Amino acid sequence: MQFGHFDDSRKEYVITTPRTPYPWINYLGNEQFFGLISNTGGGYCFYRDARLRRLTRYRYNNIPLDNGGRYFYIHDGGDFWTPGWMPVKRELDAYECRHGLGYTSITGERNGIRATQLAFVPLGCNAEVYQVKLRNTSNAEKQAKLFSFIEFCLWNAQDDSTNFQRNLSTGEVEIHGSVIYHKTEYRERRDHYAFYSVNAPIDGFDTDRDSFLGMYNGLDHPQTVAAGQSSNSVASGWSPIASHGLNVTLQPGEEKSFVFVLGYIENPEKEKWESPGVINKTRALDLIRQFESDAQVEQALAKLRDYWDGLLSKYAIKSGDDKLDRMVNIWNPYQCMVTFNMSRSASYFESGIGRGMGFRDSNQDLLGFVHQIPERARERIIDIASTQFEDGSAYHQYQPLTKKGNNDVGSGFNDDPLWLILGTSAYIKETGDFGILDEQVPFDSNPDNTATLFEHLNRSFYHVIHNRGPHGLPLIGRADWNDCLNLNCFSKEPGESFQTTENIKGRVAESVFIAGLFVFVGPDFAELCRRRGLTDEAEAAERHVEEMRRITLEHGYDGDWFLRAYDHFGQKVGSKENEEGQIFIEPQGLCVMAAIGVEEGLALRALESTRERLDTKYGIVLQNPPYSKYYLNLGEISSYPPGYKENAGIFCHNNPWVIIAETVIGRGDRAFELYAKIAPAYLEEISEIHRMEPYVYAQMIAGKDAVRHGEAKNSWLTGTAAWNYVAITQAILGIQPAFDGLRIDPCIPAAWDGFRVTRQFRGDTYDIHVSNPTHVSKGVASLTVDGQPVSGNVLPLFGDGLTHRVEATLG
């Protein structure tokens, strides 16, 4: 069942009913100001940090779901409703939501009034702009009233849910003309405030929530809206809101437009006040003046569209498969940019309060957007590396506002350092900027203790070598990529963190996954050494990689697949010897990506075991059989019911590792089969099962042992976005950035006749036509650039800024 459709020409997903199986959301903002908005107008916004600079309040796990957002109520002769259906839920004569790239437009119609609310964050602005249009579609004059509504929350969002005795006493606002200013706590340590404006004279306002709603009413029946008259309430303590009241007369066929701006302003300490107790509004008024007219709004929206067109033009495919084209050209790179902005911090499944930016997460996210915004990728790499310690370990997370590590989570996740090598190498391959390796980067964010970025990578590499267990495999620490495989936790205490608790100390538990990752990224580190003239160091690194490859085959292979780990007692995890959890997906993907066991035929056998034991119609589950009870020596992974999350759920993040692994052994048909199983555009017709948005990836899909197999959770913010983008664009389509150029190495379904890709790379544009006349999956038989044959399969660098025609023939 579908609840909408793709409009590829406009790069939009069109939702045709507000009753989607779950709120289907979009993200607004590309720089410092961000918002989440659902198809019914729910969500919230913040400046940089969803915990410390949240402008509007949002309640997770609310009843009804998705209650609270930016609402516009229309009062029409005693009847009142909202164009997004929620929260009033009056039946609409027509409804449509268009989620575009950085903007959302919601249209509702009822009893002869059509209302459209457009929301976006303009480039260069720390504000959300809403353009609300009311049109009279009837044959009679309409005397309508329009009420805006947002609920302020410009303090620590964690404190918002715990410290009512303070927060319900600090609320302060100012009302000046058609602008409502929220200045809670501005009188003391804050240098920032929020405002909500409209570009028209208002007929009333409300800034006190209880006055607007009525003490015992919800957002579905506000007292002010029902009465059709603002109360002009001024918040004093309690819960500040902003609501403008406007009387609107519409003749038949007439349309009127209003522009609302919800903004964030910072003032220098010496410029906080206009007069005693009165905030300095100069910067707010300057921002408001940028959006006084519809023409200014439309111009800003056009700039936003041009911005996205520019980003998405860097890699574009024409394949003849609409679903593939829309994923590669529009929605997958768009999601990659959102994960770059958010990491895992703020979604409808992440509160934005605790996680911040992840060390491993952000490095992996680099893979999906580095070609779009390399200069910001460079900055992100430096930020990530700055949270590393001198021994090569790192904070697992950091806050985007402070860029300092989260002490609450700390370090000890032993895969983290290796991802820095992967992310940095991807950046250099894309840009050729080897100079980044000479940047001085702090340890533990201490500017008095720095080393070159290359030295950070060196310590990342040798952190693995210096932390190995009894078999010579890497120690797992608190966890590796799978945060829920906690081999040193042994938790019996309810509510105790599996990730940050180590009830038993020891250097025994080892990770085969980290071994595979080490062998995968190690050659890039060795190459960076060699290009810096460090021949001895390069050869030493290569010896360490080969040793780890040998150890993995000797101690990390279980006969038909790769082991997952060894636990605290030295017992195998992910082995035939186990009663449950006999085979895991992660090492089968990463170890084969690293080409471990390819020559020996063991990689093929591992992928066949993956097909036999882990594959389902909705994707590959994380392990099999699932855990039916809690295992003290394994931790959180065994705490979930079978088929959910890390206990045999379909973790979409690691499915692309198997996709890429299949291309390593040349099985293009199998690789694309797996790609299409979890790519959201291919799941649109089963949205009643999948439930999440059919335009972006979810982190998890319920596995074959779950009650609701195929149901997704945790959409948007997931490393799935970047890794699936790599899997399709680099592994299957085979357009691969390399240190010296662009490598062409497709691995496609044999039935394909070919495809065409336009790829911008280091200032040049390559128009690449891949033809497959003999219908093979892999192998470039001939390659020409501008009609001249090229030996090998790496395209030359021109540096002339021109378009170069590439013909690649498979065979």
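Which residues does R605 touch, not counting residues up to four places away in sequence? In this predicted model, the partners of R605 are Y557, G559 and D560. R605 sits in helix α15, which spans residues 602–614. Its relative accessibility is 37%. R605 therefore counts as partly exposed, as buried would require a value under 20% and exposed a value over 50%. T501 lies 104 residues from R605 along the chain. The C-alpha atoms of R605 and T501 are separated by 37 Å.

Helix α14 covers residues 585–593. This helix is mostly covered, with nine of its nine residues buried. The buried set includes the glutamate E586 and the glutamine Q588. I585, P587, G589, L590, C591, V592 and M593 are also buried. A595 follows α14 and has a positive phi, near 65°.

Helices α6 and α7 form a further contact. Two packed helices are described by the angle between their axes and the distance between the axes. Helix α6 comprises residues 294–312, and helix α7 comprises residues 322–342. Their axes come within 10 Å and cross at roughly 100°. The two helices are therefore roughly perpendicular, since that class takes in angles from 65 to 115 degrees. From α6, the contact involves Y307, W308, L311 and L312. From α7, N329, I330, P333, Y334 and M337 take part. Eight of the contact residues are nonpolar and one is polar.

At the level of the whole protein, the division is into four parts: domain 1 (4–309), domain 2 (360–467), domain 3 (472–648) and domain 4 (735–810). The C-alpha centres of domain 3 and domain 4 lie 35 Å apart.

Over residues 11–277, the chain is 43% strand and 7% helix. The end C-alpha atoms of that stretch are 47 Å apart.

How values were computed
Residues numbered from 1 in each chain as written. Predicted model: local features only at pLDDT ≥ 70, side-chain atom pairs only at ≥ 80, totals over all residues. Heavy atoms only, no water. Axes fitted to C-alpha atoms, helices over the stretch in contact; angles between N-to-C directions. Helix = DSSP H or I, 4+ residues; strand = E, 2+ residues; numbered from the N terminus. Parallel < 35°, antiparallel > 145°, perpendicular 65-115°, else oblique. Contact = heavy atoms within 4.5 Å. Nonpolar A, V, L, I, M, F, W, Y, C, P; charged D, E, K, R; others polar. Domains from an automatic or database assignment. Buried < 20%, exposed > 50% of the residue type's maximum accessible area, 1.4 Å probe, protein only.
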